[in-house]
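Okay, thanks for coming, everyone. Let me put the model up on the screen and then walk you through a few spots.

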Amino acid sequence: AGFLCLSPNSRWLASAAKDGVLFLYHTFTMDILAQKHSHSYQGGGIRSVVFSLDGKFILVNGENDGALVCLKWKKIKKTEVKEAAFHWQSLLAILNKSTLNENIVLKSMAEWQFDPESTSESLPEEKFEEGNITSLYSASTSDMTWIGQKIKKVIREETQRFANQKKELQMGIKKLRKTIQKMMLENEQVPDIEKLEQHEFNLDIEEQERAQAEAEQEVARARKEIEMENLANCYLQDVIKHECWDAMCVKGRAVKCFHMACEVKNYPLKGHSEEELETLEKVLRLKKIETADLKVQKKNLETESETVLPKEEGQKAEEAMADDSASDCLIGSLSSQYGGDTSILYHQWDLHTREQKVNQIVLLKDIIYKVKTAFNKEFDIVAQQKEQEIARVKERNLRIREILAQLDLQVEVWEPALTDDEIPEQALTVQDSEIKVEKYLTQQEREKAEMLAKLEMERHLTAMDNERLRALNDMMGGVLEVKKEDILKMDIPPPPFISKPEDIWSDEEKKIFREHEKKVKQLNEEKENYRRALENELKKLEASIQETTQNFDETVCKLSERKVKIEMVIYQEELKIVNLIYALLLDEELDTREVGLHNFLMKKEKEKNLECSFTKEFADVPANLFDELFQLSKYRPKTPMTEILPDTANPYGDGSGSAEDYKDALTLLMKAMDELDSPEHMPNGLDLSMWEHFCLARRNKMESEELVKWMALTLAEMQAFLQRRMDDNEKIKSEIEDIFQELTWLQEEKMKLQLNLTVQFLLKQGQVELESTEIPDYSDAILINKSVIEELNCSIMAQGQKKIASMVECKEFSKGIFQLEWEHKKMRMQIDDLKQKARDIVTLPISKDRQLFLTVLNYDSRITHHISVMEQTLGIMDKLHKKNVKNHQKRIKELEKCISLKEQANYKLSLELKEMLVFVSERRHIFEAADTRHVSVKIAKQRYQEILKQKHLRGLVKEQEEQFEILQAEVERLKSRTFPIL
């Protein structure tokens, strides 16, 4: 939604919208005078626009960013500025004049005195009237409708909310009333001439009516906007429903488990259009024709190869079997196992042409559609099974509720139901229970509802007055036959003498009491048996519900696993489609580049042929006119022609500009010679005829020298021109060679694209292991026949076995050597030990331990006791160590909890920091957008300099092209002159 703003002088019109862009139009021609992006779309765009009274400035206010932008005209006509200033001056004069008149009137008004008794007498009447009004209003609220009550409640809340403002307004009105009364009193005291009339103190009713009319218009406009917005929303709802719901032949829905958080969704599908069906039938017919052709070719080959050896036939049969087993791997998907027919597809090795790839894409899309429809059928079966299970659970719940009512148990019964995801049609229908607001009834509907309520009450009263039913309720509890279900409610009344003491009972009464006890005991046993039966039945029902729902949950889990596999199959087919589309795009790009290069070469050849034909056709025309005609032949409408520079003029023509320069120089020289040839300079005694002959010879010599100089300059210019044309020729040859090289490269790439196909394989998981996590590059990989690899593996295994045997033999031999060396070292060490023992025996010191060993009788028991003491100390130390470890572990857990709390706090602080950074960046952008004046000036200057550079370069290019064309035409013309036969 946008809005408009007109300037005070009605010359300019400003338009703004939520995108933040301000447009300025001329009101007479509606041409765009200026355009400025003043506010961002994320900030809500522009809220309001206003012109200054002199028209020089424009204020633009943002919707949500809180920024106020002041814009000033950069390019505006002086006449418009003067007109806006004149309009502002005239308006200012009118305003000053009106304010001056009002000030004079206000100053001339006399004071007015007013009697406060009259006002005090009138106040009670007003209060009384207000009291009557409120009493009437309160009396009428009893007959109010629901909407009226709600309106009254809203009005009450608004009065409470704005009570302070109302008090302030009332105080202001009272003050205004006092001032008016004072003015009226002052008016009564002034003379009759200065007195004001009574109506001059009244309120402006016209202004009040005008304000009310404007308010009503604003309300009508707001109501119309709301109606249009609701209409647009309804239209949008209809469009979305038509596109996303009505157009679907299979609606999107879900199936959820009863006891697990598992959900399975089906595939929403649109029906095939007529064009899609036609293309699919066309592709299938073409594929059938191709398969029939291949079968005929195979039959011909089989008839020709009858002389093949049976061994070779067996090998071929084995290869065919292997190919059949590996068909899924070569096809690159498992769609044949999930409802897709892969026999109609092209083989991945045969996709060379564009038509084959397009047909393959159509067939792959059809396979994806079939796989989805097959899964949707399985999904529908499971959905129907859930509906049946819910119906069974509801039937069992009825019996469970009856049992719970009989057992007087307050237990909540689990009642499963389908959600909106499982029945998406519920989202489009509104139930009465979803409407929380009370329904509004008209007067007729209310009368009808009251009449129906009265009839229902009368029917109920008549039913209560039925004597037969009352007698049945009083005597037998409302039933004629006692059912088994009512056994728990039965109770045997005690005999009437039960209140007497037992000593007073007679024998008959004692007998009646014993029979009563026996009946009570039998009834309690029957009640207990019936209660147990009901409890067993309740457990069985709950167990059956639990079992059936768990079985259904397992079915849904299996369906979820199948959907995961189907998603894998769909992704495999979509990967094929993406690869084919990528290949088609590459092929199209190469074709377009090749066509563009061919067109460029054809254009160059046409230009060259055009110049040659033009030169031959106009060979007899003079050179100065030929150039002009050639330039006119290249002239096109609305194309400015640049002037030819003098250094690029034709050096082989008459050279009108150069000849004129030569003649001018020669005439100046002759004029100078005329002064020298005058008789005043003639030597004395020389004959006049000889002097004339001398002057003529001198003139001829000067003319010949000047001609030689001019010819030398012309020759140098021609040589420079020839060198430039040779350089341009070499440059064009190099460009043509580059184009031909690029063409050859494009043809090679196109051939590679047609031969180097992207083939998708299926590999079993766990059979391919990579040492590193990086995926290797298979761009230079080559496909090799399986038999070659197997033969190579067999030879490698044989060589490996030979190497292992030789290594085992070497190992055994080296093992024997090591064993002998070890025994030799062992013997040496034994010799050294014996020698050391002999030395120790010779130099043996007697220590305290040795003395104890020699003196104490129970030395071993002493040592064992010492060892036990040490073991006890070690046990105590071990316990202390474990205790310390536990304490440290507790401390570690406490620290980990503290760390987790700190991490949560840090995470919250990081989120707050991100929000603050976003807020700061928004403020920075707003600040930068508010002060972009210098930046825009710099950008404009840079843009202007770039435009000037581009213009200069275009002029140089055009000049060089024209020079080149002129020189080529001149070369052709000279060739035709020097070699007319060729």
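I'll go through the sheets, then the coiled-coil annotation, then a lysine.

Quick housekeeping: this is a predicted model, where local features need pLDDT of at least 70, side-chain atom pairs count only at pLDDT 80 or more, and totals for chains, interfaces and linings use all residues. Residues are numbered from 1 along each chain as its sequence is written, and side-chain values use heavy atoms, with hydrogens and water left out.

So, sheets. Helices (H or I, at least four residues) and strands (E, at least two) are DSSP runs, numbered from the N terminus, and two strands pair if DSSP finds at least two bridges between them. Four strands make an open, antiparallel sheet, ordered β1-β2-β3-β4. At its edges sit β1 (3–6) and β4 (32–37), each pairing on one side only. From one strand to the next, the twist averages 20°; for angles like that, axes are lines fitted to C-alpha atoms, for helices over the stretch in contact, and the range is 0 to 180 degrees between N-to-C directions. Strand β3, residues 21–26, pairs with β4 over five bridges, antiparallel, and V21 stands opposite H37 in β4.

There's also an open sheet of three strands, β5-β6-β7, again with antiparallel pairing. β5 pairs with β6, residues 57–62, over five bridges, and V49 faces V60 in β6.

Next, the annotation. An unreviewed UniProt entry puts "coiled-coil region" at residues 166–232, 376–403, 506–558 and 950–977; positions are in the numbering used here, feature names are shortened, and annotations may be inferred rather than shown by experiment. In the model, residues 376–403 are 100% helix, with the end C-alpha atoms 40 Å apart. Residues 950–977 are 100% helix too, and there the end C-alpha atoms are 40 Å apart.

Last, the lysine: K357, in helix α9 (residues 354–407). Leaving aside neighbours within four places in sequence, K357 is in contact (heavy atoms within 4.5 Å) with L351, H352, L580, A583 and L584.
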